[in-house]
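This report describes the fold and the pockets of a single chain.

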Amino acid sequence: MSQVKAIIGLGNPGADYEATRHNAGAWLVEAVARRSGGELRPDRKFLGLYARVQLEGQDIHLLNPTTFMNRSGGAVAALCQFYKITPDELLVAHDELDLAPGTARYKTGGGHGGHNGLRDIMSALGNDPGYHRLRIGIGHPGDAKQVTHYVLGRPGKTEHAAIMDVIDECLATLPLALSGDWAKAMNRLHSFKGA
């Protein structure tokens with residue numbers, strides 16, 4: 001299995017969206033940047049906020065696309081083309097309706113599950129689904145008609161704390177994932193339940 005060279009955090013740009021559930025993936029990448037002493041800065045060639053950091057002795061590219069969620073693929077494709085990164089060297093962090101707040105899961109391959117950001121990335125990568133995902137649970141509103149309003153809404157205090165707890169746990173498991181020990185990373189992360 002190839003080594004991860006880039007971590008992509010999905011979200012929507014701008015102050016109106018930064019605290020919304022749909023930006024959970026972007027929150028993770030911001031946390032990685034802070035933890036590694038990097039700073040995400042606007043980079044026009046990558047259509048997003050970009051940083052290059054050292055994690056566990058590895059050079060890792062961080063990118064939060066600043067296109068809207070359903071246009072994330074252009075930013076990911078630009079980064080991949082520039083640095084010659086293949087889909088299996090990507091870890092894409094995103095919000096996940098099918099997981100409760102305070103939980104997260106690693107996954108490799110598979111479909112987009114109706115997630116517009118993943119759908120656009122798959123399309124931009126030539127429909128290669130072989131990239132790694134980090135699915136950060138935000139819960140489900142219980143009614144499909146409420147999903148758009150829900151993901152673009154802000155989580156309550158308890159829910160937000162649970163999401164931030166699991167993001168901390170994701171950071172703790174990233175060294176295992178980056179070293180290629182996906183089984184250990186999954187075992188640890190998948191058994192975690194944030195408060």
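How do the residues of the lining of the second largest pocket divide into nonpolar, polar and charged? In this predicted model, that lining holds five nonpolar, six polar and two charged residues.

**Pockets**

The second largest pocket has 13 lining residues, and N12, P13, N23, E30 and L49 are those nearest its centre. At least two lining residues come from helix 1 (24-35), and at least two from strand 4 (58-65). The biggest share is that of helix 1, which gives three residues.

The largest pocket is lined by 24 residues; nearest its centre lie H22, L97, G114, H115 and N116. Two or more lining residues are given by each of strand 5 (90-96), helix 3 (116-124), strand 7 (132-137) and helix 4 (147-151). By residue class, the lining of the largest pocket splits into seven nonpolar, eleven polar and six charged residues.

| Pocket | Volume | Lining |
|---|---|---|
| Largest pocket | about 510 Å³ | 24 residues |
| Second largest pocket | about 200 Å³ | 13 residues |

**Sheet and helix packing**

An open sheet is formed by seven strands in the order 2-3-4-1-5-7-6, with mixed pairing. Strand 2 (41-43) and strand 6 (104-108) are the edge strands, each pairing on one side only. From one strand to the next, the twist averages 30 degrees.

Within the sheet, strand 3 (residues 48-55) and strand 4 run antiparallel and are joined by eight bridges. In this pair, G48 stands opposite P65 of strand 4. Helix 1 packs on the sheet, where it touches strand 1 (6-9), strand 3, strand 4, strand 5 and strand 7. The direction of helix 1 makes about 140 degrees with that of strand 4.

**Whole chain**

The chain contains six helices and seven strands. Along the sequence, these elements follow the pattern β-α-β-β-β-α-β-β-α-β-α-α-α. The radius of gyration of the chain is 15 Å, close to the 16 Å that the globule rule gives for 195 residues, so the chain is as compact as a globular protein of that length. Taken along the principal axes, the C-alpha atoms fill a box of roughly 40 × 30 × 30 Å.

Definitions and conventions. Residues are numbered from 1 along each chain as its sequence is written. This is a predicted model: local features need pLDDT of at least 70, side-chain atom pairs count only at pLDDT 80 or more; totals for chains, interfaces and linings use all residues. Side-chain values use heavy atoms; hydrogens and water are left out. On a 1 Å grid over the protein atoms alone, a cavity is a set of points where a 1.4 Å probe fits but cannot get out, and a pocket is an open set with protein on both sides within 12 Å along at least five of seven lines; lining residues have an atom within 4 Å of a point. Grid points are joined across faces, edges and corners, and a volume is the space filled by probe spheres set on the points. Helices (H or I, at least four residues) and strands (E, at least two) are DSSP runs, numbered from the N terminus. Ala, Val, Leu, Ile, Met, Phe, Trp, Tyr, Cys and Pro count as nonpolar, Asp, Glu, Lys and Arg as charged, and the others, Gly among them, as polar. Two strands pair if DSSP finds at least two bridges between them. Axes are lines fitted to C-alpha atoms, for helices over the stretch in contact, and angles run from 0 to 180 degrees between N-to-C directions. Contact means heavy atoms within 4.5 Å. The radius of gyration is taken over C-alpha atoms; the globule rule is 2.2 Å times the number of residues to the power 0.38.
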